[in-house]
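Please look over the points below with the model open.

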Amino acid sequence: MRDFSGDHAWLSLNTATVRKQGDLLAITEACARHGIGAISPWRDQVAAVGLEAVKTAVRTHGFKLSGYCRGGMFPADASKLQEARDDNRRAVDEAAALDAACLVLVVGGLQQHSRPGSAVSHDIALARTQVEDGIGELLDYAKAAGMPLAIEPLHPMYAADRSCVNTLGQALDICDRLDPGKTGALGVALDVYHVWWDPDLYAGISRAGLARLLAFHVCDWLVPTRDLLLDRGMMGDGVIEIRRIRQAVEAEGFAGFSEVEIFSELDWWKRPMDEVLTTCIERHKSAV
Ligand code: ZN
């Protein structure tokens, strides 16, 4: 297992972590100041400043992209299917333009929440079928672009609105059906926030192996959690055995970035950007 205590060479900043403190160009400047060499930006942040400006910033500072957030939201009724398809292809194109390691997929929940304007459905089995169909179709496009797709299983509390893929095992089943040859084109983004509770987590990490482990995201689970989406904790402030999970991931050969991804309306989004980044670096050394 790699020793992270001495430096933060393997820290990547998911730029949503400081999304309230500045635009993406300000965030990249701050990362450069703090010696952070990798980022994972969100599409809305890129759109706000323009793809070309982001490409220039990435090139100027020599950033690696541990991922690009995000594609997905596949469930849709017939009226929204083309929108979903086009949107996801654009996400692949942007990820490729920025030379991201993978496009992270948050696959979507029930169709009216995944693609607003779709007819109301309570059929989660249908949503899961729509997800698999959507990933299968996008995979051909992504392969042609050379962009790996990383399915991010989300905690079951998001099943209705954000993701009906809720366990690592479920995500790996999809990978095995759509990419049985383990070509590297399809895998998972493992986010400790979503999977830490799963009794099958460590078996799932072994099953995933290096071929499927495309990204590793860290933050912490606070007790109590005050908001379902926007109360993620800084590493070390919650209950997740982050280092144990990283150890398991690295035992499979994973040697990529630990991507810090914290949505924190109640705490970290209120603090100065430099303080947040300094704390991320400290905790990356002590708690990741
Ligand atoms: Zn994540």
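1. How many of the 6 residues of S8 are buried? The model is predicted. In it, 5 of the 6 are buried, so S8 is mostly covered, with buried meaning under 20% relative accessible area.

2. Look at one side of S8. Strand S7 (residues 186-191) pairs with S8 in the parallel sense, over 4 bridges. Leu-190 has Phe-216 in S8 as its bridge partner.

3. Now take strand S9 (residues 258-260). S9 and S8 also pair in the parallel sense, here over 3 bridges. Val-218 has Val-260 in S9 as its bridge partner. Between S8 and S9 the chain passes through helix H10 (residues 242-251), and this β-α-β crossover is right-handed.

4. Turn to the zinc ion. Its protein donors are Glu-152 (OE), Asp-191 (OD), His-217 (ND1) and Glu-261 (OE). Along the sequence, the spacing of the donor residues reads E-x38-D-x25-H-x43-E.

5. Glu-152 sits in the loop between strand S6 (149-151) and helix H7 (168-178), and His-217 is in strand S8 (residues 213-218), so the pair ties together parts that are 65 residues apart in sequence. Glu-152 counts as buried, at 3% relative accessibility. His-217 counts as buried too, at 0%.

6. Check the geometry last. The angles among the 4 donor atoms run from 83 to 155°, and the zinc site is irregular. A tetrahedral call would need all angles between 85 and 135 degrees.

Note on methods
Residues are numbered from 1 along each chain as its sequence is written. This is a predicted model: local features need pLDDT of at least 70, side-chain atom pairs count only at pLDDT 80 or more; totals for chains, interfaces and linings use all residues. Side-chain values use heavy atoms; hydrogens and water are left out. Donors are N, O and S atoms within 2.8 Å of the metal (3.2 Å for Na, K and Ca); water is not among the atoms, so sites may look incomplete. Four donors count as tetrahedral if all angles lie between 85 and 135 degrees; four count as square planar and six as octahedral if opposite donors are over 155 degrees apart and all others between 65 and 115; anything else is irregular. Helices (H or I, at least four residues) and strands (E, at least two) are DSSP runs, numbered from the N terminus. Buried means under 20% relative accessible area, exposed over 50%, partly exposed in between (1.4 Å probe, protein chains only). Two strands pair if DSSP finds at least two bridges between them. A crossover is right-handed if, with the strands pointing away from the viewer, the path from the first strand over the helix to the second runs clockwise.
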